[in-house]
Each structure stands twice: as C-alpha cells, then as structure tokens.
Amino acid sequence: MSKPSFEEGLLQYVEELKDESEMTEKQRNILRASIKLFAEKGFHASSTSEIAKEAGVAEGTIFRHYKSKKDILLAVVAPVLLKVAAPFILKDVREIFKEESKKPFTEVMTQLYRNRLELVMANEKHVRIMLQEAFFHDEIREALIASVFADVKEMARKLIEAKVDVGELRPLPTQAVFRAVLSSMIGLVLFRQVLDPDEFGNYSDEEQIALSVDILMNGIANRE
C-alpha cells in the first residue's frame, strides 16, 4: 500500500476537524480550497476571491470566518505542521537512523539524502508552502522548528556522537557536523528543484547524491 501524500494528509486533517471542533462545512470548504490553491499558486499569488470561488462560497463568507488570508494560512499550515507534517516528515528519518545506524556513516547519509530528495520531489508544492511561508510568518517558523527541526537535531546528535565514539567521525563539535549535513542536504534539494535543475540534470540523482556525500565526508581539498 502506497503512503498517503502530504496533500492527502492535509485534507484528512481538515476532515478530522469535524469531530474535534465546531467548524462549519463552509469553513472546511474554505480550508480545502486554500490547501489546493496555496499548493498550486503559492500563498501570495492566491486571492481570497479565488479561494471563495473554489470553495463555492461568497468572498464575504471568508471574512466572516477568517479576518485575513493569513488567518486562513495559519488555520491550515501551523496546526498541520504539528499534527500531520511532523510525523510525515520524520517517520522515514527515524527508520533510517534506527535501521542504518549500524552501517558506515557514508551509507546512512546516502540513504538519508535519497529519501529526503524523493520526499520533496513527491510533495514539492506542499513542502514549498511550508518553507516559503516559514520565512514570512513567525507562527509557522516556530511550529516548524518545534515539530520537525528539534527532533531531527536530537536524532542526528545521537548518531553523530555514536560515530565519533567508534572513531568513524572526527571529534568535531556535534552542532557543526549537523549543520554541515543539513546544509549539504538542503543544497542538494534546492539545486535539484529550484536553482539549477538543468545543470543538475547533467548527472543522475544517484550520482548527485554520491557526489554530495563524498564532498561531505572528504571535503574538496586534494589530499594526495
């Protein structure tokens, strides 16, 4: 059975609100429409009139339930980060760190990079909502940090320290190693999806992952 997409998770969350709140059907329709439009066009490019049309309600109805378009965003994204996105994003990371931790660090990183790239490619529009709006809205950024970043950082710390203890990694500050790993991973995704996909395509995804992990582990200096 295939995993539910992130969008399916978002919509499932909206449906679950039937049992958890007194939200009206019109409000749920507004949230469903917002999820669709924010994913397709982005938050800033989606107008309340378009949301209203997609939801099948009058534009004035939106403002009876939500003071602004930002309130809709926060009603959808911030709670979903805590309820849907965190488990969705972290599940595979936990499994990789657990199952792969006995393997060399290079293999762990290769599997992790491959998994994260696949996750972003499969849910590109919805990941973009989270990342874009995290830059502009403190509430979303704080939810993202609380629900995802803190857990990833702790899992990485344990793995890095274990690999240092057995002599596989240099005894560098754990935070510095984590930052290098995360920066390399984010760079891989950004160049693959946004910054330079054409140049990125000169190599296969597997080759790009291997290059990123090789540079992470060995640096760029010629050490002959």
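At what angle do the axes of helix α6 and helix α11 cross? Hold that for a moment. This is a predicted model, where local features need pLDDT of at least 70, side-chain atom pairs count only at pLDDT 80 or more, and totals for chains, interfaces and linings use all residues. Residues are numbered from 1 along each chain as its sequence is written, and side-chain values use heavy atoms, with hydrogens and water left out.

The overview comes first. The chain has 11 helices and 0 strands; helices are DSSP runs of H or I with at least four residues, strands are E runs of at least two, numbered from the N terminus. Of its 224 residues, 40% count as buried, meaning under 20% relative accessible area with a 1.4 Å probe, protein chains only.

Now the helix pair. The axes of α6 (residues 105-122) and α11 (residues 205-218) cross at roughly 135 degrees and come within 10 Å. That makes the pair oblique, the class left over once under 35 degrees is roughly parallel, over 145 roughly antiparallel and 65 to 115 roughly perpendicular. Axes are lines fitted to C-alpha atoms over the stretch in contact, with angles from 0 to 180 degrees between N-to-C directions. Among the residues that meet are Phe105, Tyr113 and Leu117 in α6, and Ile209, Val213 and Leu216 in α11. Contact means heavy atoms within 4.5 Å.

Last, Ser46. Ser46 sits in the loop between α2 (25-41) and α3 (48-55). Is Ser46 buried or exposed? Ser46 counts as buried because its relative accessibility is 1%. Beyond four places in sequence, Ser46 touches Leu37, Phe38, Lys41 and Lys69. The Ser46 side chain also reaches the backbone oxygen of Leu37, at 3.2 Å.

Notes: Buried < 20%, exposed > 50% of the residue type's maximum accessible area, 1.4 Å probe, protein only. Polar contact = N/O pair within 3.5 Å; in protein donor to acceptor, adjacent residues only side chain to side chain.
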